[in-house]
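Colleague: I have a structure open and would like to go through it slowly with you. Could you show it here first, so that we look at it together?

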Amino acid sequence: MKNLIVYCMLVLTITANAITNPDPNAEKTGTITGKVLDATLKQPLPYVNVIIKNPSGETLTGGITLDDGTFKIGKVAEGNIVVSIQYIGYKTYDKTLTIGKGNFNINMGDIFLEEEAEGLDEVTVIAETSTIQQKVDRKVITVGKDLITAGPTASDIMNNIPSVGVDPQTGNISLRGNENVRVMIDGKFTNVPIAQLLKQIPTTSIKQIELITNPSAKYNPEGMSGIINIKLHKNTQLGFNGSLNVGVTNDVYAKFNSSINMNYRQGKFNFFGNYGNNISKQNNFGTINRIDDGSIQDFNGTNKNKSHLYKLGVDFYLNDRNTLSFFTNQNKFNGEGDSVTDLTFPSSAVQTQIFHNDSENNSRQYNFAYKHDFVKEGETLEIEANFNDYEGQELADFNFINFTFPTDYNDNVNTNRDRTTINVDYVNPLKDDTKLEAGLEARLFNSVIGYSSTGETFNGEGDIIPTPSTDFDYKRDIYSAYATYSKKYEKWNYQVGLRAEQVFVNADALRTFDDNSTELYPFENNYFQAYPSIFIGYQPSEKNNYQFSASRRVDRPGLNQVNPIRQWNTPRVSSFGNPQLEPQFTNSVEVNYIRNFENGSITSGVFYRFIQDNINRYLSIDRRDITSGNVILSYNNFENTSAYGIEVSSNYRPTKWWSFNASFDLYSQTQIGITEYLDTEDIENATPEDIVRQDIEVDNVVWNLRMFNNFKATKNLSFSLFGMYRGESVGIQYTRKPMFMVNTGMRYSFLKDNRGTLSLSYNDIFRTMQYEFESRTPFPAEGVFNFESNTINISFNYRFGGGKYKALKRKQRANDEQTGSSGF
């Protein structure tokens, strides 16, 4: 015991002497500072990893950049070091420096990171201002805090995106005025109806929106007017990071939304996840006036929806060349709808339809990916499997007042569908300026819908019978292979590609009548198609860039377009799909010019597309009861048609406190179709012989204008002003009147490192956003639909985690423990 006490006193004496008499030869340290920016956008990049290594590659210390892209790393040991700046989605920047006499404080100045090819890694960054980039085959909108304040869901911000529009009544999305567009989430198609899905995704969960108006052969050729890909955040920063978002929106009713994004990366694992919900009650109302019989339909409805979106995933970095990734998306939705439709005829009592429905659906997505990097730089092999299944149920009640027919009834619809996609993609840079890409894909889709009703309907002979039940089975399998070859010269680059697909489509609609008799309506469509594409680029200088592209693609009918089961109806309009609908094919050509300025850029382009077997809306006379004057809304294939147009968009910062995004597009489309009308004034005694079908051709010219302004009042406070005008659109059967809207908002950042952001927005401040139309056939009418557009939204965002290089500190502590302190 005595020896132990003496030993401890000796250690304390030595330690005290070392503190009071520091070694004059002790190692000196220095400081490294700099600023990291995006090489293309010239904008600061926050939360970038800055790692300090010794010449042998061992990590010494590190840090991350602040919101303005700057970093400062102190206590860097004297000697030769390597500064490695790493940011997911960008090329790593390495620079060798020397800390020594006369060079202990090094300012690296502005460091520009270049974006690298798309991979498994992404990072969560929400910039103040949204940006638009024109790439060789797509337009990329990076969603900033300004767009987030436009509304709580993806559906709310789509009207703020160039060339994109959302139908306020149906929620259908369009690109360049055409609803034949495909929407993907993280590069994958989903089984959730798009109008519903857009209302489920919180804006705070969106990283980027890609507009692929002319996809190359590498991408699925689906979507006549193109593909919209919504990319969700996936955080891969070192350590633990995340963000919390809450918001409330109010017009007639209040709507609540919240989301949380979290990530933890340590060693070979990266765990990520997010959760978002929307709880809303929405009001919509409208009027349709029939000119021929003087009838008026007044609609007033509410929808109460609750949706929950979960995402969980993990990346496992096996080694420098192999990565495994898995994630799952889970969507849960509950909805309740109520509406009252009053139908008034001259000199008669008001007839009323009261509608109530309850709907519930669950969608699950499971994604597995494996990526292998070969020894040769840039040569990769990726294998991906994706499975998505959907279960939905709807129970609808219809009650009628002062109607002779129909009488009260209820409908029950059950939906089950699944989608499996397997991809194999190979990339080989044959030379520094040449690249070959090839791949295989299988897409298997199956849907089963069951419908039953307690109501009654007319048969083909005009007799009233119980509504038959319907089972609709739809199966579509697609097998494809593609190859692209690209080459770059000094100022020129080109890419050529070909995609070949074999498609098998089988559909059966089985109707079962009250006496147990059945009718089967089979449909089969198997076909082989090749889809070539070519892209040519010319960049004579950093300020000028020219692009040309041409491709062939297909728009396969969506499930709602082919589903023969009732989708919705009012006393005078019923909506059904058409199982006999065939795909339409589009040949498209685009030319774009990008001009870069010191404070921004402008992109202009022209496009032309030729469409075969054009799919369009079709309004026909309800043959179940011709004398009622009711109509059926469905889809049909029409004659070949064409469209052309121009687009101009820009990002510009005139001053340090003002920046804006503006876009203008104009397109002309020739539409050829079929309409029908009753060639008699005695509608009550009309017969099928009175129905006249006629060919019609319509030339439609539409122009749209958008401008989003961001004003920076102080370092932490900014204001925004958005304006949109959508011109009149003439269709085969109806004309949509012009629409315009003005929104305003503000954002304030506070708390340490501006981790908190408070946003306030006021949308459609002049209450001008409404859907007004005039129809010509099959019956002349005019109408207007209104929805909750005059909204006030307030939201709060808080970022947590990050800030310190915790992962490196933990690693250093582990090394210290292993080497030990053998003295004591």
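Predicted model: local features only at pLDDT ≥ 70, side-chain atom pairs only at ≥ 80, totals over all residues.

Colleague: How many of the residues of β14 are buried?

Modeller: Six of the six residues in β14, which spans 227–232, are buried, and the strand is therefore described as mostly covered, where buried means under 20% relative accessible area. In a regular strand the side chains alternate between the two faces of the sheet. For β14 both faces are covered, with I227, N229 and K231 buried on one side and I228, I230 and L232 buried on the other.

Colleague: Let me jump to the start of the chain. What is the strand order in the sheet that contains β1?

Modeller: The order is β4-β1-β7, so these three strands make an open sheet, and the pairing in it is mixed. Its edge strands are β4 (70–77) and β7 (105–113), each of which pairs on one side only. Direction ignored, neighbouring strands here are turned by 20° against each other on average.

Colleague: How many bridges join β1 to β7?

Modeller: Seven bridges do, and strand β1 (residues 29–38) runs parallel to β7.

Colleague: What else does β23 pair with?

Modeller: β23 also pairs with strand β26 (residues 469–488), again in the antiparallel sense, over 18 bridges. There, A438 has A483 in β26 as its bridge partner.

Colleague: Switching to charges, how many salt bridges are there?

Modeller: The structure holds 14 salt bridges. Side chains of opposite charge can pair when their charged atoms come close. One example is E441 with R499, whose side chains meet at 2.7 Å, N to O. This pair links distant parts of the chain, since E441 sits in strand β23 and R499 in strand β27 (residues 492–512), 58 residues apart.

Colleague: Are E441 and R499 buried or exposed?

Modeller: E441 has a relative accessible area of 10%, so it is buried, and R499 counts as buried because its relative accessibility is 1%.

Colleague: What about the pair of K737 and E774?

Modeller: In that salt bridge the closest N and O atoms are 3.6 Å apart. K737 lies in the loop between β41 (734–736) and β42 (739–750), while E774 is in strand β44 (residues 771–775), so the pair ties together parts that are 37 residues apart in sequence. E774 counts as partly exposed because its relative accessibility is 37%. Elsewhere, salt bridges that share partners join E441, R443, R499, E501 and R556 into one network.

Colleague: And which residue forms a salt bridge with R290?

Modeller: That is D293, with the closest N and O atoms 3.5 Å apart. R290 is in strand β17 (residues 269–290), and its side chain also makes a polar contact of 2.9 Å with the side chain of D292. R290 is buried, at 9%, whereas D293 is partly exposed, at 22%.

Colleague: Last topic: which element gives the largest share of the nonpolar patch?

Modeller: It is β33, with three residues. The patch covers about 950 Å² of surface, and its members include Y489, W492, V606, Y608 and F610. Elements giving two or more residues are β32 (584–597), β33 (600–612) and β36 (641–655). V606 is in strand β33, and V606 counts as partly exposed because its relative accessibility is 43%.

Key. Residues numbered from 1 in each chain as written. Heavy atoms only, no water. Pairing = 2+ DSSP bridges. Helix = DSSP H or I, 4+ residues; strand = E, 2+ residues; numbered from the N terminus. Axes fitted to C-alpha atoms, helices over the stretch in contact; angles between N-to-C directions. Patch = residues over 30% accessible without salt bridge, like charges linked within 9 Å, V, L, I, M, F, W, Y side chains within 5 Å. Areas by Shrake-Rupley, 256 points an atom, 1.4 Å probe, with all protein chains shown as cover. Salt bridge = Lys/Arg side-chain N within 4 Å of Asp/Glu carboxyl O. Buried < 20%, exposed > 50% of the residue type's maximum accessible area, 1.4 Å probe, protein only. Polar contact = N/O pair within 3.5 Å; in protein donor to acceptor, adjacent residues only side chain to side chain.
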